[in-house]
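Biologist: I have a new structure to learn. Let us go through it by asking what each label rests on.

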Amino acid sequence: MAFALNWRRCWRLLLSGVAIMVDRYPDAIAAFLDAMRAAGIHPVAPIAADLGNGLIRFSCEGDGKGKRNGWAVLHLDGIPAGAFGNYRLQVSERWRAGSVERLTPAERRERMAEYRRRQAERVAVKLAEQEQAAERCRTRWANAGPVDPAHPYLMRKRVSGEGLRQEGNRLLVPMFDPAGAIWNVQAIALDGSKRFAKGAR
């Protein structure tokens, strides 16, 4: 019973500490949350009461069921500062309080426009990298030779190498898109280990 009472007392103290922290730093927490929203990170549930207690993980709009791609850490001692991000969106930003005034609607729109511009740039870079990797895969496929029917992997699996090609002692399995273009190849080594081309789809 004593343990239960102590546990309950600790829990009340913890909750009161969170409440004091939120009450003491409302502008900093609000500015931090504004910066998160401006970066395109929208928690599906309130997280203000959890900030200031170390790293937290949370679900964001657009996450799959059970996923917690959002993360944040906020330090409220001294000058409030922290960081936040979203693994799915590949966003990671640092934040430090200067003036802790809340953003105006116009400022929020400006930040969101900047975020979307940066996101579009990241997508364009990724697509360009995938296209370059695909070209390397197509070159490998074009230069590969016919499959050796006695390849150890084929013999162990008791399958033919129809539709495959061979690059040295590695089998190549092409990955096509619906239009028939190769975007990746899977290499199968003698021991059966498999590896896709780096940077490709």
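Biologist: Leaving aside its neighbours within four places in sequence, which residues is Met36 in contact with?

Modeller: This is a predicted model, so keep that in mind throughout. Met36 is in contact with Ile41, Pro43, Ile47, Phe58, Ala72 and Phe84. Contact here means heavy atoms within 4.5 Å.

Biologist: Why is Met36 called buried?

Modeller: Its relative accessible area is 1%. Buried means under 20%. Met36 therefore counts as buried. Met36 lies in helix 2. The C-alpha atoms of Met36 and Val91 are separated by 10.0 Å, and the two residues are 55 apart along the chain.

Biologist: What makes a group of residues a nonpolar core, and which members of the largest one touch the most others?

Modeller: Members must be buried, of a nonpolar type such as Ala, Met or Phe, and joined through side-chain atoms within 4.5 Å. The largest core has 22 residues. Phe32, Met36, Leu51, Phe58, Ala72, Phe84 and Trp95 touch the most other members. Helix 2 (26-38), strand 1, strand 2 and strand 4 each give two or more residues to this core. Helix 2 gives the largest share, seven residues.

Biologist: Which residues does Ala72 touch, beyond its neighbours within four places in sequence?

Modeller: Ala72 is in contact with Phe32, Met36, Leu51, Gly54, Leu55, Ile56, Phe58, Ala83 and Phe84. Another core, of ten residues, lies apart from the largest one. Among its members are Cys137, Ala144, Leu172 and Ala197. In soluble globular proteins, nonpolar side chains tend to be buried together.

Biologist: How do you know that strand 2 and strand 3 pair?

Modeller: Pairing needs at least two bridges. Strand 2 (residues 70-75) and strand 3 (residues 81-86) have six bridges, so they count as a pair. The sense is antiparallel.

Biologist: In what order do the strands of the open sheet run?

Modeller: Four strands form it, in the order 1-2-3-4, with antiparallel pairing. Strand 1 (56-58) and strand 4 (91-96) stand at the edges. Each has a single partner strand, so one side of each is left without a neighbour in the sheet. From one strand to the next, the twist averages 15 degrees.

Biologist: What pattern does the chain follow along the sequence?

Modeller: The pattern is α-α-β-β-β-β-α-α-β-β-β-β. That comes from four helices and eight strands. Of the 201 residues in the chain, 34% are buried.

Biologist: What makes Gln130 and Gln186 buried or exposed?

Modeller: The cut-off for buried is under 20%. Gln130 has 13% relative accessibility, so Gln130 counts as buried. Gln186 also stands at 13% and therefore counts as buried. Gln130 is in helix 3 (residues 105-143). Not counting residues up to four places away in sequence, Gln130 touches Trp183, Gly199 and Arg201. Gln186 is in strand 7 (residues 182-188).

Biologist: Why is Gln90 called exposed?

Modeller: Exposed means over 50%. Gln90 has 55% relative accessibility, so Gln90 counts as exposed. Gln90 is in the loop between strand 3 and strand 4. Phi of Gln90 is near 60 degrees, a positive value in a residue other than glycine.

Biologist: What is phi of Arg158, and where is this residue found?

Modeller: Phi of Arg158 is near 55 degrees, again a positive value in a residue other than glycine. Arg158 is in the loop between helix 4 (152-157) and strand 5 (165-167). At 78% relative accessibility, Arg158 passes the cut-off and therefore counts as exposed.

Biologist: How many disulfides are there, and what rule decides?

Modeller: The rule asks for a pair of cysteine sulfur atoms within 2.5 Å. By this rule the count is zero. Cys60, at 3% relative accessibility, counts as buried. Cys137 is buried too, with a relative accessible area of 1%.

Technical notes: Residues are numbered from 1 along each chain as its sequence is written. This is a predicted model: local features need pLDDT of at least 70, side-chain atom pairs count only at pLDDT 80 or more; totals for chains, interfaces and linings use all residues. Side-chain values use heavy atoms; hydrogens and water are left out. Buried means under 20% relative accessible area, exposed over 50%, partly exposed in between (1.4 Å probe, protein chains only). Axes are lines fitted to C-alpha atoms, for helices over the stretch in contact, and angles run from 0 to 180 degrees between N-to-C directions.
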